[in-house]
Amino acid sequence: MKRKLKELMNRALRKEEGFTLVEIIVVIVIMAILAAIAVPSVLSYINDANDAKYVAEARAIYLAIQVEETKYNATSTADGTALANVDSTKTGETDAGKIIFDNVKTRIAKDSSGLAVTSATYATAGTPAIGTYTIGFTSADKSTQTATVTANDEVKITAK
């Protein structure tokens, strides 16, 4: 009995299971190759998603600008004043462009979490083309962006 027990113990101790060092290294090399292929592709998807997010944010600001310009012009053109466009470069509270810009900033701050408009101008002559809006904003991810919205509603992120 003692001999049988000793034989079973020796057999159990001699039984070797597990992976060899070469097998483990081969698996690590395969995983490294897969990671080298996958990481650039995933980063590309992330960049594309961020670009789409910035365009969507610029469109939201552009729509807010159009709403505020329309509201301002609908109430002020009844007394014969000229139509106004947004312009953050105007000074003085009586300038229509400044009033519209302040209303846009307030609307965007209230409607969007983390999105803030820093500048907005409307081209009436020269470059950029007439009818083009240039919008500066701080995105929800705290990055500063500049977008150009053309007369046909095409949005381009011009600076990141």
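**Figure 1. Gln145 in strand 3 of the predicted model.** In this predicted model, Gln145 belongs to strand 3, which spans residues 144–149. The residue has a relative accessible area of 2% and is therefore classed as buried, the limit for that class being under 20%. A polar contact of 2.9 Å links the side chain of Gln145 to the side chain of Ser143.

Figure 2. Lys142 is placed in the loop between strand 2 (133–138) and strand 3. The phi angle of Lys142 is near 70°, a positive value in a residue other than glycine. With a relative accessible area of 61%, Lys142 is exposed, because the cut-off for that class is over 50%.

**Figure 3. Packing of helix 2 against helix 3.** Two packed helices are described by the angle between their axes and the distance between the axes. For helix 2 (residues 21–76) and helix 3 (residues 96–111), the angle is about 130° and the axes lie 9 Å apart. Helix 2 is therefore oblique to helix 3, since an angle over 145 degrees would be needed for a roughly antiparallel pair. The crossing of helix 2 past helix 3 is right-handed.

**Figure 4. Residues at the contact of helix 2 with helix 3.** On the side of helix 2, the contact is formed by Ala60, Ile61, Ala64, Ile65, Val67, Glu68, Glu69, Lys71 and Tyr72. Their counterparts in helix 3 are Ala96, Ile99, Ile100, Asn103, Val104, Arg107 and Ile108. By residue class, this contact comprises 11 nonpolar, 1 polar and 4 charged residues.

**Figure 5. Val67 of helix 2 and its position relative to Val104.** Val67 lies in helix 2 and is among the residues of that helix that meet helix 3. Its relative accessibility is 35%, so Val67 counts as partly exposed, a class that falls between the limits of 20% for buried and 50% for exposed. Val67 and Val104 are separated by 37 residues in sequence, and their C-alpha atoms are 8.6 Å apart in space.

Figure 6. Thr106 is situated in helix 3 and counts as exposed, at 52% relative accessibility. A polar atom of the Thr106 side chain lies 2.9 Å from the backbone oxygen of Asp102. Between the C-alpha atoms of Thr106 and Val117, which are 11 residues apart along the chain, the distance is 9.0 Å.

**Figure 7. The protein chain as a whole, for orientation of the close-up views.** The protein chain contains 3 helices and 4 strands, and its elements run α-α-α-β-β-β-β from the N terminus on. Of the contacts between residues at least 6 apart in sequence, 41% join residues at least 24 apart.

Key
Residues numbered from 1 in each chain as written. Predicted model: local features only at pLDDT ≥ 70, side-chain atom pairs only at ≥ 80, totals over all residues. Heavy atoms only, no water. Axes fitted to C-alpha atoms, helices over the stretch in contact; angles between N-to-C directions. Helix = DSSP H or I, 4+ residues; strand = E, 2+ residues; numbered from the N terminus. Parallel < 35°, antiparallel > 145°, perpendicular 65-115°, else oblique. Left-handed = near helix turned anticlockwise from the far one by under 90°. Contact = heavy atoms within 4.5 Å. Nonpolar A, V, L, I, M, F, W, Y, C, P; charged D, E, K, R; others polar. Buried < 20%, exposed > 50% of the residue type's maximum accessible area, 1.4 Å probe, protein only. Polar contact = N/O pair within 3.5 Å; in protein donor to acceptor, adjacent residues only side chain to side chain.
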